[in-house]
Structures are given as C-alpha cells and as structure tokens.
Amino acid sequence: MADTQNAAKNALQHPAAAKIHSNRLRNALLSLVALVIGIFVLRYLGGLGSAKLTQALALFAIWGVATVSLNLINGTLGILSLGHHGFMLIGGYTTALLILSDDARNRIQTSARSQMTDFTLGLSVQNWLHTLGLDRLTTDDTLWVRFLIAILIGGLLAMLFGILVGFPSLRLRGDYLAVVTFGFGEIIRLLASTRIFAPFTNGALGFAGVPGEFGKSIWWTFGFLAITVFFMAKLKYSSYGRAMEAVREDQIAAEAMGINLAYHKVLGFALSAFFAGIAGGLWVSWLANARLDNFAFTLTFFFLVAISLGGTGSITGVLLGTAVVIFVRQYGDPLEESYTIATWLGLIGLLLVLAGIFILIFRNSQRLRPRFHPSIAVMGLGGIVALIIAYLGGAAFWPAFNLNIFQAPTASLAWPWLQDTFRGFGMRAIFLSVLLIVIMIFRPAGIMGRNEFNWAWVFRERRDQPSEEERRQDAWLSNPALNKAAQDPNDQDKGES
Amino acid sequence: MLEVINVSKSFGGLKAMSDMNLKVEQGEIVSVIGPNGAGKTTLFNLITGVYKPDSGDIRFEGKSLLGKKPDAIVNMGVARTFQNLRLFSNLSILDNARISQHHNYRDKLSWFDCVFRTPRHNRAEAEMVDTALEKLSFFGPRLMSFRLFQPVYVLSYANRRRTEMARAMATGAKMLLLDEPSAGMNPKETREITQIIRRMRDEGGYTILLVEHKMNLVGEISDRVVVLDYGQKIAEGSYKDVINDPIVIEAYLGKRDDKDESEIAKAAAKDGRTV
Amino acid sequence: MKRRGWIPWAVLAAIIAFVLFRVIYLISNQDPGYTRFNAAYFTRAFTEAFTLGSLYALIALGYTMVYGIIRLINFAHGEVFMVGAFCSYFLFTLTPFPLWIAIVLAAFVAYGAARVLELWRGSLKDPLTLTIAALIFALSIYGLSSSKLNFLIALPMSMLLTGVLGILIDKIAYSPLRTAPRNSLLITAIAVSFFLQNVGLLAFTNKQTPYRPDTMLTNSLSFNVAGNEVRSTFLIIAIPLVALLLVVALTLFVTRTRLGKAMRASAQDAEVAQMMGISVDKVIATTFLLGSMLAAAGGAMYGLNFGSLNQPAIMGVLPGIKAFAAAVIGGIGSLPGAVIGAMVIGFSEVFLTAIFPKIPGVFEGISEFKDTFAFALMIIILLFRPSGIVGEDLSEKV
C-alpha cells in the first residue's frame, strides 16, 4: 500500500507533469504579439484600398469560419460530412431575411417574378422582426446590432438542424453516413426551392438587397474567424476535444472507455452547424444577395479541398488550405480567359513535364521501385512534344501573369487550329479538383497532417523526444544485461520503482 | 461483485454462449480459459454491453447491466481491454489515459468550461493528469517520461498492452476485464505483467477477470479458473483442480486414452519451470 | 434483438394500397377537371415509370458493382453517365471525323472491345480476342471517318469508349488509393466527379443539347387501353429491353465466367481473393469497365427518352444520386437489388407526379417533392435497414 502512495506522489512530481505546461507564459506572450501584428497587417492591407484584395481577404475569413467548423466534424470527430452547404443555407437565409430592410422586402414582394409573399399563420418575417424588436434597428448606427442578432439566430437555427443531422451518425458510419449528410444538405436546398418555403426564400430566384457592409468588411469577418478559431482550438485541446478524437480513432474503444458516442457526435454536429450558420450569414452579406445557386454542393466541395489540402484535423492547416482555395478562386480568373490552343498546349505541356519531375522525385524519396515508372516517361515525353508544338505554334507563355520571359516566336507551324482561341471556362474548378486528387494520392494527410502550428514547433521543442538522461534510463530499462534486478526472479520490483 | 446468471447468446444458428453462470467476488482474480472459439471474448463482450444477451442476467454490485450501453457500463465501474488492441493510435499515451477519465467529469465539466478555460476546467485537467500518471506508474517509469507524449502507434507491442491496461484503470473502474494481457509479450515481460496484475489487485484494489492463454500466468495469479468450451462452462475451481480435470483435458486435447498425468499439466509445469 | 422483418413489407403494402386508392379515386371522380385520369393515363404513367426505372437500373448497377468490390461510393458514376450520353451524341452528330481523330477513337474502341472479349476468352493475349479487336479497330476507323453513324452503332461504340474512361478513372485516381482509408477514396471520387463535370462543361457545351438521332426507336407507338388511346414511342419497349438484355448479360457473366467468379470472390474478400491467385486489379478494372458501359448505355437511352441532354455540370448529378439511392434501397452490393431499387425509385418518381397532378386539391404541390422523396427514401432505408431490400449485413465486428 505504501508503495502505491509513493508511486502516486512520484507521479505528481514527475518531470513529465511539469513538461505538460512548460513555457506557457512565453507562448501566450508570443501569441499576443502575433495577434497584434496580424491586426496591423490586416489594417495595412485594408488601407491599401484594393477592392479585390479586401474582398478576397473577407472571403478568406468567411470560408475560414466554414472550413474550421467543418473541420470539427471531418477532422476531429472523423465523420465525413458533406452537408455543410445546407447548414450555411439555413444560417444565410435567416440572416438575410432578418437584416433585409423593409423597403427592399417590399420591392421584392411587389416585383412580378416574386414568389415571396407575406406568409400566413402569423409567421411572416414582419411579425418576426417585430417580436424580436429588430424592426426598430434600421439606421446605419444600429444596423450592426441587428446583423449580430440575426446572424446569431441564423447560427442557432442551423444548430438545430445540425442536431437533427447528427442523429443518423449514431446508427451509421463511414461512407454511408457521408451520403446521408450529403442527402440532408441537398434536401435542405431542394426544400428551399419548393412552393412551401418560397414565401421565405423566393424559390430558386432568391432575392437581392442584402446589406453587404458586414460580409465585405475585413473587421467583421476576421472577428468572426478569430472567435471561431479560438472556440475550436480551445475545444480541440480539452477533454471534450480529446473525447471526440477518440471517437475518430476508434468508436468501439471510445465507447468501451465510457465516452457517450451519441452525445459527443451530436455535440460536434451542433457546434459545427452553429458556426456554419454564421459563415452562411456572412456569406450572404458578402454576396449581397441570397440565391440557392450560391449554396450548392460545390461550396462543400471547395471546403473539402481546403481541409484535405491543409490537413484534416489541423485548424491552422485548414486555414492554410482555405487561403490556397481562395487564392485560386479570387485570383485564378486569368485561367478562365480565352487563349490560343497553342498557349493551352504549352500550359498542358509544362504541367505534364512538372508532373513527371514531381513523380520522379516522389518515387525516389519514397524509395518506390521501379524508380523510373513508365508513366514518368509518358508524361515527360508528352509534355515535351506539347511544349515544342506550342512553341512552334507561337504560344504566348504565361500571358496570364504578364511574364513574357520567352519572346513568343511568330507562328511557324501552319496548323490553323493552333491559332483558334479557346476559353478556359471552369478551369479553376478543374484545377482544384485535380489538386484534390493529387493530394489524396500523394499526401492524403494534407500539408500539415494532424499537426498544429504552435510555438514549441517554432522553437523545435519536442516533448516526445527523450532527453539524454531519459534515453539512458530507457536503455537501462529495456536492456536485460544492464537490468540485473529483472533477471532475479525473487526481486522483481527493483527494476521498476 | 459481478454475477453472470444463466446467460445465453447465439449468432444466427451458432450458440456462442449457453447458460453461463459466473460469480466474481470483490478482490478476486478470476481467469477464464478455454480453447479458441470457446466464447471467452464473447463473455467479455456480453458483460461490457457490446452484445446483448438473448436470455439471462448480468449484475454488477447488485445492479443489472442488461440493456445498458458500453459507456454506461464503464460508468458503473467495469472497464475492459481488448484482445487485439484498440488504442487511440494517433493520440499520445497521456491523451489515451486522459480520455478514459472523461466520463467521470461529464457532470462536473461542460464543453462551455472547456472552451473558456474556467477554473473548474483547470482543476479537472490537473486531476486527470494526476490520475493518468498514477495509473501509468504501475508499469514503471517506461511510459512516464518522453513516451507520455508519443503517439501510440510508435510504441512497441508490449508498451501498447501496458498503455491499454493503464487506460482501463484510469476509467476509475472497480473491476477490470483483461483480454489476453500478455499476448505478444516475451517471457520476461509476461513475468512482469503477472506481477503487475497482482499489484493491481493488491495495491490498486481492482477486481480482475482475465482471459489468458499462457498457463503459467494463469496458474500464478488466479484465485479461481473458469474453463469454457463451446460457450459452456465445463469446469471451475482452483488452477490445480481444473488443470487435472479430465473434461478440461479433453476439451483442449481431444479424447484419448488417459494417462496418469495429463499432458497439459505437464506442459504447463514445464513452462512454469523454464520460462 | 429480434429482427422485425415485417415492418418494411407492411410499409410497402400500405404505400401500394394508398397509391391504388388514389388511382381509383382519380379515375372515378366525375368532376370536369378530372376527366383525363382514365386507365390510359395510368398505363402511360406505368410505362414511363418502367422506362425510367430501367434507366436508373442501368446506372445503379455500376454503383452497386463498384461498391461490392472496393467498398467505394463512386460519386463520379453520375458523371460517367453524362460522358456516355455526350459520347453517343457526338458519335452520331459529328461523324464523319477527320482520319486522325477516327484512328484515336477507334484505338480506344478496340481496346474496350478487347477488354470485353477478355471476359469471354479469359485473356487479352488470346488470338481470337486480338483478331476480333483488330477487326473492330479497322471497321471503327472506316465507320468513324466515312459517314454519319447510325444510332445503333453509335450506342455500343460510346459504351466501349466510356468503359475505357471508367478503366482510366480507376487506374489514375482510385488505384493508388487501394490501401488508403475509405474516406480518402470517397473524397477522391467526389473530386473526380467535379473534374468530369467541369471538363464536360469546358469540352462539350454549357447549354441544353437537343438529342434527336435518326432512329426508328423514337417512332410513335399508340395502342388502346379501355377505349382510350395511349400515345407513346417505341422507346417504352426498347429501353426496358436493352436494359434487360444488358442485365441478363451481366448476370450471365458474373455467374458463369471465370472472371465473373473472381469478381464475386473479390467482393467477398479482396485480400483473400488475391492470395488465391486472383488478380484483383484486373477484376476491379473489369468492374469499372462494365459499370461504365452500362452507365453509357443508360446515358444514351436517357437522351433518347427526354429528347435532350442537360448541361454537363448538372446532367449527371440527379440521375446519379437517384441511381445511388436505388442501389442503396435494393441493397448495395447486390445486382438484383439494384434493379429492384431502381424500379422503386422510377415508380415513385413518376407516380408521385401522376397521382398528385397539379390541379387544385389537397396534395397540390406534392409533385415538387419527387427529388426530395428519393433522398428521403434513401436516408430512411440507410437508417432503418442499411442492408436494403435484398442486401447483406455490413456491420463491424468487435
């Protein structure tokens, strides 16, 4: 008995216990400094006055809220959820209806194509606004309060629906569950277009006139992003977050260790849906209209790309992935313009050559045999042939980026089709889907894996690596020659305590 | 402490367990042995609520476990380990040992506390770390230093077994069901785990029901041995009695002309001497 | 736990009883607005439902086969269906092609044909296989470069081309992920689906495409039911017939040939099948080939049936999802299940609009819910009977 107490006391004074909370003050200070720098950077970027940049930044923050919240289900809880656009739709439409000014609503209702009517049963938007006291908040000074209340209500409604969608997760798992969440998301969208909900949603047409100053403001969007990231990070590194991760790792074991699967899964869905609803509210404000096209499954697909690219389960990774997706979405429009076939051919050839080189490097670094896979030869040769044809066809390389390093020669190849123009309509989506396939094949864990950016990583502190003393102790424990006590059957405990 | 009363379970047409009766008293170490497919793991699954028995009753401290979910059963004080390790393999040892304490804090600690890091949360976290370290210290310092922060998948097989046992202990259970605790361990480690199981009973105060194939381990620590075959209990008693029971020998080795001393006892005795 | 097997049947009986009641009500109602609801109206609805069910069956078989072998919900299957439809469209509208395009396409067609013959002969290197493939290669070059193709020739050709596309998708996107977690595979499938949608948008068109090949199948066909004329086309016979032929051929292949047996063995346990000397990669490629061919046939028939193709980004989505729902309802992994499920979806979709027409009444707007209904049915089946109507149990072992 005395031994146990000793062991317990040793445990408490054990250096490992101190290691858990080491360098806390330093990290907090560094985080604070980083936050201040971040605010200044945002302010500087906002002050540049570039509308495009501001839009892109705001969109990054909005989608960041959505991806970080989706990450709670997909990464932490380990359930592939494909219905995030449905949650966003609920939050978005609720917010839009509640912040729509009376004038705008009347205009929509009187327009010829509108299906929006004053709903019966005392459920009309007008009554809602009056009950909530929101109809008094119409001036520019008070509209933000209205927006705040509206977005919270939107989040809460989405949360209710999240709880509803969470219940199938108690019975199903894996891909079946993914399909059910997808089905729920689509059902929300299909229902929103039916006549029953048309008084609210105006059918497939949707409605414009949503105040856009919140979704387009860097401060509002990044404020919500900061709250979301704070919330999710704290949740992840807490007992509840660990419990959810346990559900991800092994449901049966988690249940056998006393974790209530139902509660934690539904909790995850509810919290995630809440923030998705908020993202939806910001999204309609950014778009300045509410239309069903903007809440298609494509949205969830882009989130999925961002999460998989950055690292499923890692919040900082997910933000990184979102940044890449937003960059492609907002700055990738040169991809979708018209160029000659020769230019496209040159681009394809370049990509093929790069892909061949990449695979060669990948196979070498992974020590895969054979090193020189036939696909590399096919890609390399095909790429080079395409490049040559493109060059002779007078391709303007890199016109999109105004980097005319190669002086495009005059077309010396007399194939007229090389000079036809072709518009790369939808090229961004193609790029992102190819990117996703490539990630899944070559690095399924994403850029960051499950690791989070943290200060210990910056300072190269590895708690899971033994110090010199620990290494010696460990060798002593596991080497029978050093451990004489263990060889003596009568005196077993010496080696342990 | 634990009573299994007339429990039967069948999968389709296969009777996996029929009329099983078992009683485990407080502070006992009871071993369940039997040939492969005898229903040992099924018994564990029935007790821990993974399967529902077709008939019969399972009681723990007088309360029925029937119809309870596995997590509720852990809450009542019965925790288990798995035959083929089910650790949370991407999480660290410390996390593994903390996760199993989560259910104890469900009423005391809401997710709201966790997000806003209230004093309640800090207190609970400190307690969890203490308990985790205390349970891990049963296995000596090897899991306690840098390994605490290593993900489980980098550990050796024996260390994973130890982690799983520590994890089960950390649930705060009074009774542990250990499914082959020494599987995959070398003879030296087996001896050590035998000592640890005894210490878990003597010092930790756990009641232990274990399934094991290594007879020297069973013989050394069991107060009682229960032998299963084809889902039925065919013998129960002290190790010596059971091992010489002709029915048991038949179950293990098949029917044959009896010799003076059973093959299995011989084999076991030999094991015990040399290992 | 007791299996309450009677509940689904009771629900089914209740639904059928309700539909019958509603049909009789509509027919017997003497009000002026209801006169068009006669026996002919419902016969037409029935044939439409049967046709639509056959189309869904062709797509659903691909889902169910792929799921049976590699446990992947092939999200891209709806897009393969779309590509198949466009393939056949281009084959009968844009022909004759320039020679070099004809050669390239013919090479793909011949490769697809060789893979199909392989099912019968057992090997790609078999002399008969090679001979026939070479013959097909030559004939295809001639056919593609000389004149306008007949629909009935364009159909098998587009099936073979799409089948090769299926093999390519598997080789490029799915085969590197054989050992990866299933969620990664599913995400890849979604990515492939988006890729095909957008490439379709880029390469084909972004508008509705009229789909009117010059074929006798679209000739009108009319017959009398209880004194009223039912006007339809030969498609109501042709589509179910083609579907039936393909399903029978598939069933024969799966049950009778060596590769078919290998396929069933791999569906049970791919790892063990591999140890028993079955080339699982070949089996998977074959599965994708067959599934994509069926989907292409479905796509061409779909175009015929509706007279136009939707734009590529959305054309495959709804039929794909509905066919998946059909596969789930029938019991994913089971071939007859897919056909039964497809019929359930086809009938529910058509009859939902047929018995709740847009005339003032109690259930006026309910036909708007026909798409929702397919999703809802799928979710309900997944939740309460994940093995579907005839499927196997897929629960995890401890």
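Author: In chain B, an open sheet of 6 strands runs in the order β6-β7-β8-β3-β9-β10, with mixed pairing. Strands here are DSSP runs of E with at least two residues, helices are runs of H or I with at least four residues, and both are numbered from the N terminus; two strands pair if DSSP finds at least two bridges between them. The model is predicted, so local features need pLDDT of at least 70 and side-chain atom pairs count only at pLDDT 80 or more, while totals for chains, interfaces and linings use all residues. Residues are numbered from 1 along each chain as its sequence is written, with chains lettered from A and ligands numbered from 1 in the order in which they are written.

The edges of the sheet are β6 (78-80) and β10 (232-237) of chain B; each has a single partner strand, so one side of each lacks a neighbour in the sheet. On average, neighbouring strands are turned by 20° against each other, direction ignored.

Within the sheet, strand β3 (residues 29-33) of chain B runs parallel to β9 (residues 224-229) of chain B, and 4 bridges join the two. One residue to look at is Val32(B), whose bridge partner in β9(B) is Val226(B).

Helix α1 (residues 40-47) of chain B packs on this sheet, touching β3, β6, β7 (175-179), β8 (207-211) and β9 of chain B. Contact means that the C-beta atoms of two residues, placed from the backbone, lie within 7 Å. The direction of α1 makes about 150° with that of β7(B); axes are lines fitted to C-alpha atoms, for helices over the stretch in contact, and angles run from 0 to 180 degrees between N-to-C directions.
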